[in-house]
Each structure stands twice: as C-alpha cells, then as structure tokens.
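Welcome to this short tour! Please have your viewer ready, with the selection tool at hand.

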Amino acid sequence: MPAPLRIGLAGLGTVGIGVIEIIQNHAEMIAMRAGRPIIITAISARDPKRDRGIDLSGFAWEDDPVALARRDDVDILVEVMGGHEGAARAATEAALEAGKDVVTANKALLAHYGQALAEKAEAAGCTIRFEAAVAGGIPIIKSLTEGLAGNSIRRVMGVMNGTCNYILTRMEDAGLPYEMVFEEARALGYLEADPNLDVGGIDASHKLSLLSSIAFGTKVAFDGIEMEGIGAISVDDIQRAGDMGYRIKLLGVAQMTGRGLEQRMTPCLVPQDSPLGQLSGGTNMVVVEGDAVGQIVLRGAGAGRGPTASAVMGDVIDLARGIRTPVFGIPATKLAETVSAHSAAPSAWYLRIRLVDKPGALAKVATKLGDAGVSINRMRQYGHSDGDAPVLIVTHKATRDDILTAMAAARATNVVVGEPVALRIEDV
Ligand code: HSE
C-alpha cells in the first residue's frame, strides 16, 4: 500500500470531531477508496484540556495552528476552525506556503480572500478544497466543478442557511412571530455566535459567492451580492403568501445577465409545490441550471457533525487519490473580473400594501404602479381592520428599480398606511 496521506487537523469543534470519527470508523474502507491510508498525525485547537468525548492521545498536539500546518509529518491541512481572520487565515497561508493542500469548511475566509488564496495555492502547485463550506453535506462544489463541467451554467439558486429556513418554516407552522422563533432557534443552539451571520443573510451570501465563482468563471465577489435578511418577514406575510400559493424562503440566486453577474440573497416567494417551496426545517437545497443538463436539485443537511465531516472527507479522499482541480474550477489567474449587476433581471413581485379605507384609494395606488410600468397580474383584498385594508398584489414581471419607483410613489400618496412590503417571486 502506498504511503498514507497525513492530516494536520486544525479545529476540534463539531466538525473536527466528526472528521476524526469518520477516519476512525471507516479507516479500511477509506484506504481502499483512496488507494492509500488516510491518517491524522497532529491536531490543534484553542483548549487542549476540554473533554471532547473522544480519545485524542494518539495525535501530536500543537497550540498554534500555523505550527501544525508547517509540521514535517503533515501532508495536508484540514482547517475547521472558522473565522475569516486570525488563526484560520494564517494557518491556511502557512500550509500553502509550505506547498501543502488545504481542505477547509471556512466559507467566510474564502468569500473574503478566496482569490488571493487560490492564486497563492496554484502558484505553489497545490489546491484548496472547500466542499464543506457550502451547503454542508451536499456535494455541490464537486457537482459544479466535475459532474456539470460540460455545461454553461445559466443560474444557481439555493436555500443555504438552515437556521433561516428553520425560522421561516416554524413561523409558518406554529404561526409564531419572528422574535419568538429567533429565541427558540437560539435556545436550540442553531444560531451562529453572531446571529446576524445567519438571519442577516451573510453566511448564505458567503456560500453563494463561492458558487457564483465556479459557475460563471468569475472572481469571488461577495461585496457584489444584494443582501437582505429575514428579520423583517412577518407571520402575516408568510400566511398571505401561502394564500396566494407561495412560501417565503431566504433564497440565493446567481445568474449572468447582459449587464453582468447578478447575485442576490433575499427573502423570495417560491411556488409551494416547487422543490424549493417544499423544503422545510433546517435542510438546504441547491438548484443548478445548465444548458445541457437542464435543472438539477440537490437537497440535504447543510450543517451538523456528520454532514459537514462527510464533505470534508470527500475532499480529503480526492486529494489522497491525487485529484487536484483548480480551486474555483479554472485556474485562479483565468477567472474574469466580476462586473456586478444589481437585480438586472425582471421578475414577478408580491406587494403587500395597507390602504386607508376610502373611495379611490386602490385606484390611486394602481395608477402609481402603472406609471412606473408595473403591471398587476393578480390582486386580493382582505377584511378591513382599524380603518385600513390590506391589499395583496402579484405583479407581472418588473425590474427591482421599477418596483422601488412604484413603491416610493405609492408611499407618497395619502392612501398608504405604514411601510409596504415588496418581495420578489422567483421563477423556479
Ligand atoms: N449557520 C449555518 C446554517 C451553518 O444555519 O445553515 C453554517 O454555515
């Protein structure tokens, strides 16, 4: 049997322990599949004394992950510490400088420094693999870089933050307000240490930026994403959208348009009977549309020990086999500069507007929509309460700019009460 591939494992949280478990439980099977044994030689984490429920005595310990990356008995670095500055970045750079491949679950690191790190890796003749960084256990990176490599990708979409999907699903099922479900999610340990990473759409946007780069051959452009979290979604919106046949999801969409790369991570309505509409709880889903393959849908756990460690091990086994695809599918120096186009593509919109209950109020708003070039497809008015009347409108396709113009004009009339809500209806 050829020499083993020796891992330096940085990070002993949920994912790190999951990686150790898989290697211990499946050593023989993995060696057969990889063509050589895969072993962990050294580990690093913040607290050497913490009981992690697993025997770590067989591994050399390093306090400093950079020293771990540089060890002579480490062939590849597996970085599952997280955080896009500090130790994770330093250890990754140290490994690449030493000519070692890196496997990481760190979406934030790659969203911010992916291009520089990919160039560094490729100049050193090595690579960075990051299946675990996007949608947990779903092998979407491998699907895009390998299985779908013969396609021109038209659109990538996904629900890639399980916590947001849990919150939205639970609000719908239990009829509970956002704030209450947010606290439930916190108590269940679903939220990141900085919850805004989840509910603000940042974590999912990190992931989308990586998928966009592979799908469209462009440099990672996290800053080009139009991002909006789920904090403003009300139970009312969820229920009203349901009445019209839709569900609200925090949906990431990336597509190349005539004006550039459109990337957005925003609450969207999707048809209830579509695969995305039927996704409930903390599960993730990624939808890819290619010119040859058509549409494919991948669904699975987006977080958690087993699923994330599974993705890490897929990458590690590929490296043990000698498979070294460029970090973002094509050489980093060939990735195109990204021209970001904000919401260039038109779509249908869901509008919820509260009107004063006076003759002509609806006509006034309809006129403002018409003036902005927004055409009404369907409309529904609900029972009046406290002197105002909620109206739901589904528009024909309109650009975001036209909708914003129409909403501003509607607000400026004296018939709209409070803030109108405008959510895109994604054609899935
Ligand atoms: N917090 C993320 C989620 C998992 O809820 O899906 C890590 O990216």
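Predicted model: local features only at pLDDT ≥ 70, side-chain atom pairs only at ≥ 80, totals over all residues.

Residues are numbered from 1 along each chain as its sequence is written, and side-chain values use heavy atoms, leaving out hydrogens and water.

**Stop 1: the domains.** Colour domain 1 (5-139 + 310-334), domain 2 (142-302) and domain 3 (349-425) separately; these bounds come from an automatic or database domain assignment. The centres of domain 1 and domain 2, taken over C-alpha atoms, are 26 Å apart.

**Stop 2: where domains 1 and 2 meet.** Here 20 residues of domain 1 are in contact with 25 residues of domain 2 (contact means heavy atoms within 4.5 Å). Now select Lys-142 and Asp-318: their side chains form a salt bridge, 2.5 Å from N to O (a side-chain nitrogen of Lys or Arg within 4 Å of a carboxyl oxygen of Asp or Glu). The rule finds one salt bridge across this interface.

**Stop 3: the ligand.** Which residues surround the ligand? Select Lys-107, Asn-161, Gly-162, Thr-163, Glu-192, Asp-198, Asp-203, Lys-207 and Ala-303 (each has a heavy atom within 4 Å of the ligand). Zoom in on the side chain of Asp-198, where an N or O atom is 2.8 Å from a ligand nitrogen. Next, find a ligand oxygen 2.7 Å from an N or O atom in the side chain of Asp-203. Finish at Lys-207, whose side chain has an N or O atom 2.8 Å from an oxygen atom of the ligand.

Notes:
Polar contact = N/O pair within 3.5 Å; in protein donor to acceptor, adjacent residues only side chain to side chain.
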